[in-house]
Amino acid sequence: MVTSFVLSIVFNFIVCKLNLTTGVIPSLNVAAGLLGFALVKSWTTLLDNFGLLKQPFTRQENTVIQTCIVASSGIAFSTQADGGHTPDNVKNLSLGWIIGFLFVVSFVGLFSIVPLRKLMILKYKLTYPSGTATAYLINSFHTPKGAKLAKKQVSMLFKSFGGSFLFAFFQWFFASGDGCGFNSFPTFGLQAFKHKFFFDFSSTYVGVGMICPYMVNISLLLGAIISWGCMWPIIATKKGIWYSADLSQSSLHGIQGYRVFIAIAMMLGDGLFHVIFMLVNTARSLTQHYSNKSSTEDQNQSSIDEMDNYDDQRRTEYFLKDQIPNWVACTGYVVLALIATIAVPFIFHQLKWYHILVAFVFAPILAFCNAYGCGLTDWSLASNYGKIAIIIFSSWVGLENGGVIAGLASCGVMMSTVSTASDLMQDFKTGYLTLSSPRSMFFSQVLGTTMGCIITPLVFWFFYKAYPIGDPKGTFPAPYGLLYRGIALLGVEGVSSLPKNCLTLAIAFFVASFLINLIKQVLQNYETKYRIHRFIPSPMCMAIPFYLGGYFAIDMCVGSLILFLWELKNKRMATDFAPAMASGLICGESLWSVPAAILSLANVNAPICMKFISAATNSKVDSFLNGD
């Protein structure tokens, strides 16, 4: 638990920074498992050298650490945007209500899915790819050969961590003001820089690019080219025709509205497809399980006893040994849901008790669908269910009664419940494969969530006080805060608030997003020779740079290029060490933000401003300085 607490602080800084910059967060399970192994293994080796070691470090403890870290760092959100600023639609941030809200809503989802653990893991034998991969990784650490490889991986992680941290420290000296430093380097020229196409020397997103699949990074770059390279320059020529020329750059009634609402339309189209696909897939899978009932009923009833091999028998034995009674889970859900139903309206007066009650009535159904679908495909659709909740509850409450805040708060309730349920089931799968007690997995999630409810708001508050969070031109634009508030505004104001032709474009991109996913899925099911579906971009990924620009997509593509060249040279080495190197790059620069924020709070500025200007501007500056 001590190790989990220390690493939870580290990972909360990393996840919070990623959330506030782009919202693109890769799986950090490998880094959590590897760092947990490194810290405890170092401690036990030290104890062994002094003859004080009582028992060895086991894979079960490693699994508990990894589970606790991921549960803790999985809690983060931010909201800030222009529009709908009536008194009931704005809530000032304070640590008190943020921590209180998280404690009230974050534990409900843990109890919603516990009664179905045997059904999901033993009867349906769902794969849960991330949970399975994490289990095999942890198991490999605790073998003689795997321990040697893990030692080398840890060495690689700390080397890349040190390099990334020092490079971020070096960059700080040249960034004394806005538009200064390496992160404003016009790599492809000043005109491209104006349209947010440049490499900003971010080790974090180079590392993220090494972890994310190639097609994700290409989709991000393609989205940036379509939006900032083509669409926004064209729409900018309609200033004064399609939208008022007097509006600020951040107004959702100006060009910012096109950026935000077209991105939202693509996300909703992508989300709607995956929700429908997952529901159909879940229903079809369940139907197949029960359609064979007549011929295999006895086998299904005794599937726990009939294992394929000795390993499965042992895993099932451990999985069934420490059980959490179903009555405890059901009672826990009802009690926590009632507490939240009473408490949330005191935090957000825009929501009434019956709004929360309705959310918790439907939450277990959505939690089951999400957990089942996640077991089949590794996709968690919690954010999509959250977007649907925003639209439903914001329109239900209405603008005059604070529908924007109501929609966002209900999104927090729904996402927390649905997301924690699928995360817990992933952890049950990891525990099943590492022979860890389900009870220890559950309590590790509870303890991790408790840590996160305190650590995450404190880390967010640290950033909030040190930097202008939510500034579109700043270091931490908090893009999903703007996008989610935009969805809430759509719910309360309707489409009449959109700028001219924005609705037409949004509908076109919504339909295109849905159709791209449909075509990709059809090709994946029926075209197996050339596997063309691998080269179809993801609309969800394409939508992110519509608002942010292409700079981080370029960083991530550089990460993909490094990984690609490494795999060409030595695929085995790349497979073994690329995740460790990427994790180090992410951790190093992300943790530099801590001393950087402390320096900012202390009003200590960098000594140099490295800024790039055109030759013509430079001549004018020289003339001014020389008194000409």
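Which residues does Q256 touch, not counting residues up to four places away in sequence?

## Surroundings of Q256

Q256 touches Q249, S250, S251, P472, L482 and Y547, with residues up to four places away in sequence not counted; contact here means heavy atoms within 4.5 Å. Q256 lies in helix 12, residues 255-291. Helices (H or I, at least four residues) are DSSP runs, numbered from the N terminus. Q256 is buried, its relative accessible area being 3% (buried means under 20%, exposed over 50%, partly exposed in between, with a 1.4 Å probe and protein chains only).

## Basis of the model

This is a predicted model, in which local features need pLDDT of at least 70 and side-chain atom pairs count only at pLDDT 80 or more, while totals for chains, interfaces and linings use all residues. Residues are numbered from 1 along each chain as its sequence is written, and side-chain values use heavy atoms, with hydrogens and water left out.

## Helix 2 against helix 3

Two packed helices are described by the angle between their axes and the distance between the axes. For helix 2 (residues 29-49) and helix 3 (residues 59-73), the axes come within 9 Å and cross at roughly 130°. Axes are lines fitted to C-alpha atoms, for helices over the stretch in contact, and angles run from 0 to 180 degrees between N-to-C directions. Helix 2 and helix 3 are therefore oblique to each other (under 35 degrees counts as roughly parallel, over 145 as roughly antiparallel, 65 to 115 as roughly perpendicular and the rest as oblique).

On the helix 2 side, the contact is made by N29, A32, G33, G36, F37 and V40, and on the helix 3 side by N62, I65, Q66, I69 and V70. These residues divide into 6 nonpolar, 5 polar and no charged; Ala, Val, Leu, Ile, Met, Phe, Trp, Tyr, Cys and Pro count as nonpolar, Asp, Glu, Lys and Arg as charged, and the others, Gly among them, as polar.

## Helix 2 against helix 8

The axes of helix 2 and helix 8 (residues 144-172) come within 10 Å and cross at roughly 105°, which makes helix 2 roughly perpendicular to helix 8. Helix 2 contributes L34, L35, F37 and A38 to the contact, and helix 8 contributes A150, Q153, V154, L157 and F158. By class, the residues of this contact comprise 8 nonpolar, 1 polar and no charged.

## Surroundings of M556

M556 is placed in helix 23, residues 551-569, and is buried, with a relative accessible area of 0%. Not counting residues up to four places away in sequence, M556 touches V24, Y205, V208, G209, C212, N217 and L220. The C-alpha atoms of M556 and V208 are separated by 6.3 Å, although the two residues are 348 residues apart along the chain.

How values were computed
Helices (H or I, at least four residues) and strands (E, at least two) are DSSP runs, numbered from the N terminus.
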